[in-house]
Amino acid sequence: MHELALIPVFYGEAMNASVDSFSPSAAKPRAVVADWRERGEPIEVIAPTPVAVEDLKRTHDPAYVDGVLRGDLPNGFGTTDAGVAASLPFTCGAMWCAARAALRNGRVAVAPCSGFHHARHARAGGYCTFNGLIVAAQALRAAGDVARVGILDFDQHYGDGTDALIGRHGLDWIRHYTAGAEYGDPTQVEAFLARIPALVGAMRDCDVVLYQAGADPHIDDPLGGWMTTRDLAERDQRVFEAAATAGVPIAWNLAGGYQTPLRKVLDIHHNTLRACANVYLHGGARAAARSAAR
Ligand SMILES: [Zn+2]
């Protein structure tokens with residue numbers, strides 16, 4: 001395990017597309033990274049390697065992959081836009097590169113993108129086209145980089161595409177937890193936050209955990225509605241503390257977030273980065289106190 005001086009962030013312009021959609025996700029990578037740079041956050045921006053078409057076809061129906069990339073079949077935004085298609089190997093690639101970087105540094109890396117967990121074998125849905133979580137996990141496993149992968153999904157919504165792909169391909173080496181299946185009410189916040197160390201701890205036998213740090217559980221989100229900004233920051237702090245304590249590397253992405261103006265969504269993602277830097281660059285006050293007490 002190396003000491004990190006900066007948080008690795010896998011980002012390139014090719015990850016963005018411009019779409020006229022209720023969802024800001026297609027252009028969110030650029031906005032988020034610009035925000036972090038303007039704020040002078042301790043990040044190292046690294047261009048992602050796109051995944052190969054074969055990597056996409058390991059997870060998805062080959063005809064679906066070809067159809068989307070050619071612009072014959074609709075993407076997760078319901079369009080056949082060539083710009084969206086061109087961005088997809090790079091967003092999936094960012095997730096894959098972040099996972100590999102976290103495996104290498106033993107700690108953390110970031111893929112500042114979205115649009116994965118509703119994508120199924122041969123179908124897009126809910127602003128998701130290809131399931132970059134499963135694509136990355138299967139690419140890692142195919143290369144012999146991992147034996148077991150965790151997917152910790154704290155987006156507002158149930159990761160139905162992820163579950164469907166795990167079932168279809170019999171991926172019993174993936175541990176998947178999706179909070180959207182059982183949480184969504186403000187009365188559940190305290191119990192949810194209290195459970196995070198156990199949820200992360202249950203993935204301690206994974207080589208790497210892919211974490212969906214969704215901004216859409218926010219109480220004001222038009223598609224969400226149960227956690228405050230402070231709750232979400234606490235969520236992320238506890239995830240990173242628990243992963244660091246368990247010694248499990250974690251690669252996180254942005255997942256959903258639909259408030260307007262986008263500033264509100266950027267602020268939530270910024271809090272995730274702050275929690276990440278707090279734990280992995282500065283030791284995290286509480287994590288340090290905890291390990292000192294052992
Ligand atoms: Zn969502």
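At what angle do helix 7 and helix 8 pack, and how far apart are their axes? The views below, all of a predicted model, begin with that pair.

**View 1. Packing of helix 7 against helix 8.** Helix 7 (residues 189–201) packs on helix 8 at an angle of about 20 degrees, and the two axes are 8 Å apart. Angles under 35 degrees count as roughly parallel, so helix 7 is roughly parallel to helix 8. The crossing of this pair, helix 7 and helix 8, is right-handed. On the helix 7 side the contact is made by Val189, Leu193, Ile196, Pro197, Val200 and Gly201. Helix 8 contributes Asp231, Glu234, Arg235, Arg238, Val239, Ala242, Ala243 and Ala246.

**View 2. Packing of helix 8 against helix 9.** Helix 8 (residues 229–246) and helix 9 (residues 262–280) have axes that come within 9 Å and cross at roughly 30 degrees. That angle makes helix 8 roughly parallel to helix 9. The crossing of helix 8 and helix 9 is right-handed. From helix 8, the residues in contact are Thr229, Leu232, Ala233, Asp236, Gln237, Phe240, Glu241 and Ala244. From helix 9 they are Asp267, Ile268, Asn271, Thr272, Ala275, Cys276, Asn278, Val279 and Tyr280.

**View 3. Packing of helix 1 against helix 9.** The axes of helix 1 (residues 28–38) and helix 9 are 10 Å apart, and the packing angle is about 60 degrees. Helix 1 and helix 9 are therefore oblique to each other. Their crossing, that of helix 1 and helix 9, is right-handed. Ala31, Val32, Asp35 and Trp36 of helix 1 meet Leu262, Leu266, His269, His270 and Leu273 of helix 9.

**View 4. Helix 4 and its bend.** Helix 4 covers residues 82–105, which is 24 residues. At 1.5 Å a residue, helix 4 should span 34 Å, and the 35 Å between its end C-alpha atoms agrees with this. A bend of about 30 degrees is found at leucine 88, and proline 89 follows within four residues. Helix 4 is mostly covered, with 18 of its 24 residues buried. Just after the helix, glycine 106 has a positive phi of about 75 degrees.

View 5. Helix 5 (residues 132–142) is mostly covered, with nine of its 11 residues buried. The buried residues are Gly132, Leu133, Ile134, Val135, Ala136, Ala137, Gln138, Ala139 and Leu140. What covers these residues includes three helices, namely helix 2 (53–59), helix 4 and helix 6 (160–169). Strand 4 (149–153), strand 5 (174–178) and strand 6 (208–212) are also among the covering elements. Glycine 144 follows helix 5 and has a positive phi, near 75 degrees.

View 6. Aspartate 55 is in helix 2. Is aspartate 55 buried or exposed? Aspartate 55 is buried, because 23 other C-beta atoms lie within 10 Å, and 20 or more is the cut-off for a buried residue. Leaving out residues up to four places away in sequence, aspartate 55 touches Val135 and Ala139, both of which are among the buried residues of helix 5. Aspartate 55 and alanine 136 are 81 residues apart in sequence, but their C-alpha atoms are 8.2 Å apart in space.

View 7. Proline 261 is in the loop that runs between strand 7 (250–253) and helix 9. The peptide bond that joins threonine 260 and proline 261 is cis, with omega about -10 degrees. Alanine 255 is in the loop between strand 7 and helix 9. Its phi is near 50 degrees, a positive value in a residue other than glycine. Alanine 255 counts as buried because it has 27 C-beta neighbours inside 10 Å.

**View 8. Tyrosine 127 in the loop between strand 3 and helix 5.** Tyrosine 127 lies in the loop between strand 3 (108–111) and helix 5. With 23 C-beta neighbours inside 10 Å, tyrosine 127 counts as buried.

How values were computed:
Residues numbered from 1 in each chain as written. Predicted model: local features only at pLDDT ≥ 70, side-chain atom pairs only at ≥ 80, totals over all residues. Helix = DSSP H or I, 4+ residues; strand = E, 2+ residues; numbered from the N terminus. Expected span 1.5 Å × (residues − 1). Bend = angle between axes of the 7 residues up to and from the residue. Buried ≥ 20, exposed ≤ 12 C-beta atoms within 10 Å, placed from the backbone. Axes fitted to C-alpha atoms, helices over the stretch in contact; angles between N-to-C directions. Parallel < 35°, antiparallel > 145°, perpendicular 65-115°, else oblique. Left-handed = near helix turned anticlockwise from the far one by under 90°. Contact = placed C-beta atoms within 7 Å.
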